[in-house]
Amino acid sequence: MPQGSPSSEELTTRVVSAFSLDTSVIQSAGFSFGRGALSRLSEQLPPWMQLWLTDIIAREVMQHRLDAVRRAVLQVNGAYADLRRFLVGTTLDFPTDTERYVSASINHFDEQLRAFIRSHGGTLLEAKSGQLAADLFKRYFDQSPPFGGGRDKKHEFPDAATLFMLESHARSKGTKVVAVSADDGWKAFARNSEEVYCLGSLRELADLFVATS
């Protein structure tokens, strides 16, 4: 089973041919797909190293980004309310449709993420019911990784579903995948998986190919 980092042989023979990212890794990079560490990945990784991103991670990323926009909209609305109060009697116009920024953000953020996936020849994996649900609850009641780490259960279920999806997709493709996450639950899952490696950072992922290319 995968332990530590993939070997040079696994990389050069493409036994390991895909990678995936945890929400926290994308967040720590500032959700900046067009610049910084995330944008450099396409230059640091070989073209055959595909990105597999689950729709669970995609939705979490969208939620976090929209929450930030909504907080900004609330701040703007508060500032305009203050201006209206300070400038009573003026003929100045103040925007009243700031919610349009939230709607515009949804399309903008979605296209950014899809462009990032395309830049790695990747795919968006969709969650399916049935066997996934059965595996999730069996792991949950057995307290098997990524469950049982003492974390908030509402975070454990999306993590577990993501990892099962990656493992299942890798098995169906006859390959292995490198998941990037600093989460202990992800690492524990990888230690017991035949198809999933787990590295703690984008730098560790890029270093695999600096050392072997």
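Biologist: In which sense do strand β1 and β4 pair, and over how many bridges?

Modeller: Strand β1 (residues 16-21) pairs with β4 in the parallel sense, over five bridges. Two strands count as paired if DSSP finds at least two bridges between them. Strands (E, at least two residues) and helices (H or I, at least four) are DSSP runs, numbered from the N terminus. This is a predicted model, in which local features need pLDDT of at least 70 and side-chain atom pairs count only at pLDDT 80 or more, while totals for chains, interfaces and linings use all residues. Residues are numbered from 1 along each chain as its sequence is written, and side-chain values use heavy atoms, with hydrogens and water left out.

Biologist: Which residue stands opposite Val180 in that pairing?

Modeller: Leu21 stands opposite Val180 of β4. In β5, the bridge partner of Val180 is Leu199.

Biologist: And how does the chain cross from β4 to β5?

Modeller: The two strands run parallel and are joined by four bridges. The chain passes from β4 through α8 to β5, a right-handed β-α-β crossover. Right-handed means that, with the strands pointing away from the viewer, the path from the first strand over the helix to the second runs clockwise.

Biologist: Is β4 mostly covered or uncovered?

Modeller: Strand β4 (residues 176-180) is mostly covered, as five of its five residues are buried. Buried means under 20% relative accessible area, exposed over 50%, and partly exposed in between (1.4 Å probe, protein chains only). Lys176, Val178 and Val180 point one way from the strand, whereas Val177 and Ala179 point the other way.

Biologist: What is Val178 in contact with?

Modeller: Leaving aside neighbours within four places in sequence, its contacts (heavy atoms within 4.5 Å) include Phe19, Met49, Tyr197, Leu199 and Leu205.

Biologist: Which residues have the most contacts inside the largest nonpolar core?

Modeller: They are Phe19, Leu21, Ile26, Val178 and Leu205, in a core of 46 residues. Helix α7 gives the most to this core, with seven residues. A second, separate core has six residues, among them Met62, Leu66, Val73 and Phe109. A nonpolar core is a set of buried Ala, Val, Leu, Ile, Met, Phe, Trp, Tyr and Cys residues joined through side-chain atoms within 4.5 Å.

Biologist: Changing topic, how many residues does helix α4 have, and how far does it reach?

Modeller: Helix α4 (residues 55-86) has 32 residues and reaches 46 Å from its first C-alpha to its last, close to the 46 Å expected. The expected span is 1.5 Å times one less than the number of residues. Buried residues in α4 include Met62, Leu66 and Val73.

Biologist: How many salt bridges does a search of the whole structure find?

Modeller: The search finds nine salt bridges, each a side-chain nitrogen of Lys or Arg within 4 Å of a carboxyl oxygen of Asp or Glu. One of them joins Arg59 and Asp55 (3.9 Å, N to O). Both residues lie in α4, four residues apart, about one turn of the helix. Arg59 counts as exposed because its relative accessibility is 53%, whereas Asp55, at 13%, counts as buried.

Biologist: What does the pair of Arg171 and Glu195 tie together?

Modeller: The two side chains meet in a salt bridge at 3.3 Å, N to O. Arg171 lies in helix α7 (residues 153-173) and Glu195 in the loop between α8 (184-191) and β5 (196-199), so the pair ties together parts that are 24 residues apart in sequence. Glu167 is linked with Arg171 and Glu195 in a network of salt bridges.
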